[in-house]
Amino acid sequence: MSHGPHEGDGAPPGIDELLERVRAGYVRLGPQEAWAAAAEGALLVDIRYAELRERDGLIPGALVIERNELEWRLDPRGSHRVPEAVDHDLRVVVICNEGYASSLAADSLHRLGLRRATDLAGGFQAWRAAGLPVQL
């Protein structure tokens with residue numbers, strides 16, 4: 001692994017290093033794996049903003065929660081949680097547009113105790129490219 005110019009000098013990590021660190025903490029899913037996980041009861045959570053959902057469509061059955069509300073809606077102890085947020089064992093697959101913001105979101109869910117949270121590598125675009133269902 002190559003070391004960035006600031007690694008080890010006490011500087012905060014850059015975004016690429018941060019993504020690498022958080023992704024090392026869990027197993028990301030590809031589109032087919034996310035599809036199978038949903039069939040087994042995992043909650044697919046689409047965090048894309050409205051413009052992207054309107055432009056590209058939705059994944060049937062996915063729960064739409066915009067990124068700025070994610071932790072509030074999925075914390076099983078939160079007063080603003082969605083009905084699906086029943087306990088910390090909930091399996092969540094976070095989906096953004098291309099698989100970057102979803103990694104940071106999954107890490108945030110881990111910090112709330114949702115240890116089975118993961119994200120879709122490549123995001124919605126990978127889902128669509130794999131020919132999986134999209135509702136326009």
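**Reading burial, sheet and salt bridges**

Tutor: Let us start with arginine 53, which counts as buried because its relative accessibility is 16%, where buried means under 20% relative accessible area, exposed over 50%, and partly exposed in between (1.4 Å probe, protein chains only). Before going on, note that this is a predicted model, in which local features need pLDDT of at least 70 and side-chain atom pairs count only at pLDDT 80 or more, while totals for chains, interfaces and linings use all residues. Residues are numbered from 1 along each chain as its sequence is written, and side-chain values use heavy atoms, with hydrogens and water left out.

Student: Where does arginine 53 lie?

Tutor: Arginine 53 lies in helix α3, residues 50-56; helices (H or I, at least four residues) and strands (E, at least two) are DSSP runs, numbered from the N terminus.

Student: Which residues does arginine 53 touch, not counting those up to four places away in sequence?

Tutor: A contact is a pair of heavy atoms within 4.5 Å. Here arginine 53 touches Asp46, Arg48, Leu58, Val64 and Glu66, with residues up to four places away in sequence not counted.

Student: With which side chain does arginine 53 meet in a salt bridge?

Tutor: A salt bridge is a side-chain nitrogen of Lys or Arg within 4 Å of a carboxyl oxygen of Asp or Glu. The partner of arginine 53 is glutamate 66, at 3.5 Å, N to O. This pair links distant parts of the chain, 13 residues apart, with glutamate 66 in the loop between β2 and α4 and arginine 53 in α3. Glutamate 66 is partly exposed, with a relative accessible area of 30%.

Student: How many salt bridges does this rule count?

Tutor: The count comes to ten salt bridges. One of them joins the side chains of arginine 28 and aspartate 119 at 2.9 Å, N to O. The two are 91 residues apart: arginine 28 is in the loop between α1 (15-23) and α2 (31-39), and aspartate 119 is in strand β4. Aspartate 119 is buried, with a relative accessible area of 0%, whereas arginine 28 is partly exposed at 22%.

Student: In what order do the four strands of the open sheet stand?

Tutor: In general, strands of a sheet pair through backbone hydrogen bonds, either parallel or antiparallel. Two strands count as paired if DSSP finds at least two bridges between them. Here the order is β2-β1-β3-β4, with parallel pairing. Since β2 (63-64) and β4 (118-119) stand at the edges with a single partner strand each, one side of each is left without a neighbour in the sheet. β1 and β3 pair over four bridges in the parallel sense, and valine 45 stands opposite valine 94 in β3.

Student: Which residues have the most contacts inside the largest nonpolar core?

Tutor: A nonpolar core is a set of buried Ala, Val, Leu, Ile, Met, Phe, Trp, Tyr and Cys residues joined through side-chain atoms within 4.5 Å. The largest one has 17 residues, and those with the most contacts inside it are Val45, Ile47, Ile65, Leu70, Leu74, Val92 and Leu109. Two or more residues each come from β1 (43-46), α4 (70-74), β3 (92-95) and α5 (101-111). A second, separate core has 13 residues, including Leu29, Ala37, Ala62 and Phe124.

Student: Which residues is leucine 74 in contact with, leaving aside its neighbours within four places in sequence?

Tutor: With those neighbours left aside, leucine 74 is in contact with Leu43, Val45, Ile65, Val82, Ala85, Val92, Leu109 and Leu114.
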